[in-house]
Every structure is written in structure tokens, then in C-alpha cells.
Amino acid sequence: MKEWTRPEVTSYSWQELGLLYSPRLSPLSAAKRIRRWVYNHPPLVEELRRKGWKKGAHLLTPLQVKAIMQHLGEP
């Protein structure tokens, strides 16, 4: 079994971030799942907007990724 390592907080696409949280899913399914988790968490959506995120953005900044990890927990 592969040893878990803490992910680096950097820019991620939805697919990349989704695969960190759901590594056994396909990239498309992982992206859909993480977006669904985020969109169903209004305080997180509001914090992401304050950090410059707009719905439809393909890339998340390190600050936005950090906010997601703080709200959803580390992958």
C-alpha cells in the first residue's frame, strides 16, 4: 500500500483536486464530486468568492485550495 503524503497547497484544477479526495474515481467523476461537495457548502462557496473564485473557473489558486481543505478536511 502506498504511504500517504500531505498534498502540497498549490494551484489545482478541479480534476486534480478531486483525484486527491477520490483517487479511485475517474478524473471526470472526481471533478464532479468535489465540485458538488463545494457547491453544497454555502460558507465555503462564499469564502471562495471572497478569494476571487468564480463559478466555471477551471483552475483553483493556492488560497482557494487551502480554503477547500480547511472546510472539507485534508484529502
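## Helix α1 and its neighbours

The buried residues of α1 pack against β1 (12–13), α2 (27–39), β2 (59–60) and α4 (62–72). This is a predicted model. Helix α1 spans residues 14–21, and its buried residues are Trp14, Leu17, Gly18 and Tyr21. These four cover an arc of only 100 degrees around the helix axis, which puts them on the same side of α1. An α-helix has 3.6 residues a turn, so residues three or four places apart point the same way.

## The nonpolar core

The largest nonpolar core has 16 residues, and those touching the most other members are Trp14, Leu17, Val38, Leu48, Leu60 and Ile68. Each of α1, α2, α3 and α4 supplies at least two residues of this core. Helix α4 gives the largest share, 4 residues.

Which residues does Ile68 touch, leaving aside those up to four places away in sequence? Its contacts are Trp14, Leu17, Tyr21, Val38, Leu44, Leu48, Leu60 and Gly73. Among them, Trp14, Leu17 and Tyr21 belong to the buried residues of α1.

## Leu72 in helix α4

Leu72 lies in helix α4. Is Leu72 buried or partly exposed? Its relative accessibility is 28%, so Leu72 counts as partly exposed; a buried residue would have to be under 20%.

Not counting residues up to four places away in sequence, Leu72 touches Tyr21, Ile34, Trp37, Val38, His41 and Leu44. Tyr21 and Val38 are also among the contacts of Ile68. Pro27 and Leu72 are 45 residues apart in sequence, and their C-alpha atoms are 19 Å apart in space.

## Aromatic pairs

The structure holds 4 aromatic pairs. One of them joins Tyr21 and Trp37, with ring centres 6.1 Å apart and planes at 85 degrees, so the pair is edge-to-face; the cut-off for that class is over 60 degrees. Tyr21 lies in helix α1 and Trp37 in helix α2, so the pair ties together parts that are 16 residues apart in sequence. Tyr21 is buried at a relative accessible area of 15%, whereas Trp37, at 35%, is partly exposed.

Tyr39 and Trp53 form another aromatic pair, this one tilted, with 5.9 Å centre to centre and 40 degrees between the planes. The pair links distant parts of the chain, 14 residues apart: Tyr39 is in helix α2, and Trp53 is in the loop between α3 (42–50) and β2. Tyr39 is partly exposed, with a relative accessible area of 31%. Trp53 is buried, with a relative accessible area of 3%.

## Around Tyr39

Tyr39 and Trp53 form one aromatic cluster with Trp14. Trp14 is one of the buried residues of α1, and Trp14 is also in the group of core residues that touch the most other members. What lies over the face of Tyr39? Lys55 does, at 5.0 Å from the ring centre.

## Charged side chains

Side chains of opposite charge can pair when their charged atoms come close. How many salt bridges does the model hold? The count comes to 1 salt bridge. Lys51 forms a salt bridge with Glu47, and the closest N and O atoms are 3.8 Å apart. The cut-off for a salt bridge is 4 Å. Lys51 is partly exposed at 33% relative accessibility, whereas Glu47 is buried, with a relative accessible area of 14%.

Key
Residues are numbered from 1 along each chain as its sequence is written. This is a predicted model: local features need pLDDT of at least 70, side-chain atom pairs count only at pLDDT 80 or more; totals for chains, interfaces and linings use all residues. Side-chain values use heavy atoms; hydrogens and water are left out. Buried means under 20% relative accessible area, exposed over 50%, partly exposed in between (1.4 Å probe, protein chains only). The arc is that of the directions from the helix axis to the C-beta atoms. Contact means heavy atoms within 4.5 Å. Rings of Phe, Tyr and Trp (its six-membered ring) pair if their centres lie within 6.5 Å; planes under 30 degrees apart count as stacked, over 60 as edge-to-face and the rest as tilted. A charge sits over a ring if NZ of Lys or CZ of Arg is within 6 Å of the ring centre and within 35 degrees of the ring normal. A nonpolar core is a set of buried Ala, Val, Leu, Ile, Met, Phe, Trp, Tyr and Cys residues joined through side-chain atoms within 4.5 Å. A salt bridge is a side-chain nitrogen of Lys or Arg within 4 Å of a carboxyl oxygen of Asp or Glu.
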